[in-house]
Amino acid sequence: MKFKPEMLKAYFVCGSQDVPEGQYETIVEQAIKAGITAFQFRDKGNASTLSPIDRAAMAMKLRGRCAEAGIPFIVDDNVELAKQVNADGIHVGQSDEKIQQVIAEVGDQMIVGLSCSNAEEVEAANAIDGIDYYGSGPIHPTGSKADADPVIGFDGLKQLVSLTDRPIVAIGGISVNDLSDVISTGAAGSAVISMIAQSDDIDGVVKAMLEA
């Protein structure tokens with residue numbers, strides 16, 4: 001699947017640790033039906049309810065659902081799993097697998113995303129060929145990531161957008177009220193976990209993301 005910046009508009013990131021036990025597949029399917037533009041499989045940490053075997057099976061199942069919907073299935077920080085399920089993309093953080101190594105391994109077959117939270121990281125990444133987009137934030141404090149970087153806010157996001165020609169998706173504690181502010185910085189969209197995963201109105205939330 002070829003990368004397009006529009007894929008970042010309504011980007012849902014989720015793992016079993018982000019939802020009530022037994023609800024993972026249902027919630028992701030609801031989000032896909034509601035019209036998300038990309039899905040990132042990020043199942044990790046002590047709170048994950050999936051064993052390694054179950055994780056691979058779930059990834060394969062959700063990968064199929066994304067293919068049916070025509071949206072990219074992106075795996076967080078696990079090149080082996082991404083290759084195993086023939087994912088559309090891989091997303092890595094600054095402290096995860098080295099980005100050059102990831103690009104060398106899968107770059108011509110997969111969309112590649114990299115987390116960049118400050119000017120130094122963006123400028124270093126700009127010099128590397130083969131990255132499709134950056135995930136930048138956190139916009140607000142977030143409970144979904146124990147090792148989150150310092151909050152950058154909308155001003156920080158706008159600065160990072162100005163430093164690169166690559167599309168940026170905003171991350172970190174984003175709520176429905178923030179969506180138009182995110183777009184006004186020049187970012188391509190928002191990547192969210194709890195805003196969808198913990199919503200009583202997934203259709204309404206995704207609609208707001210698409211319309212921002």
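I started with Asp-77, which is partly exposed, with a relative accessible area of 22%. I noted the scale: buried means under 20% relative accessible area, exposed over 50%, and partly exposed in between (1.4 Å probe, protein chains only). This is a predicted model, where local features need pLDDT of at least 70, side-chain atom pairs count only at pLDDT 80 or more, and totals for chains, interfaces and linings use all residues. Residues are numbered from 1 along each chain as its sequence is written, and side-chain values use heavy atoms, with hydrogens and water left out.

I looked up the backbone of Asp-77. Its phi is positive, about 50°, although Asp-77 is not a glycine. I found Asp-77 in the loop between β3 (73-76) and α3 (79-84). Helices (H or I, at least four residues) and strands (E, at least two) are DSSP runs, numbered from the N terminus.

Next I checked Asp-76. It lies in strand β3 and is buried, with a relative accessible area of 11%. What does Asp-76 touch, not counting residues up to four places away in sequence? I listed Gln-40, Phe-41, Arg-42, Lys-44 and His-91. Contact means heavy atoms within 4.5 Å.

Then I turned to Asn-86. Its phi is also positive, near 55°, and Asn-86 is not glycine. Asn-86 sits in the loop between α3 and β4 (89-92). It is exposed, with a relative accessible area of 54%.

Last, I looked at Pro-138. A cis peptide bond joins Gly-137 to Pro-138, with omega about 0°. Pro-138 is in the loop between β6 (133-136) and α6 (153-162). I wrote a reminder: most residues other than glycine have a negative phi, and most peptide bonds are trans.
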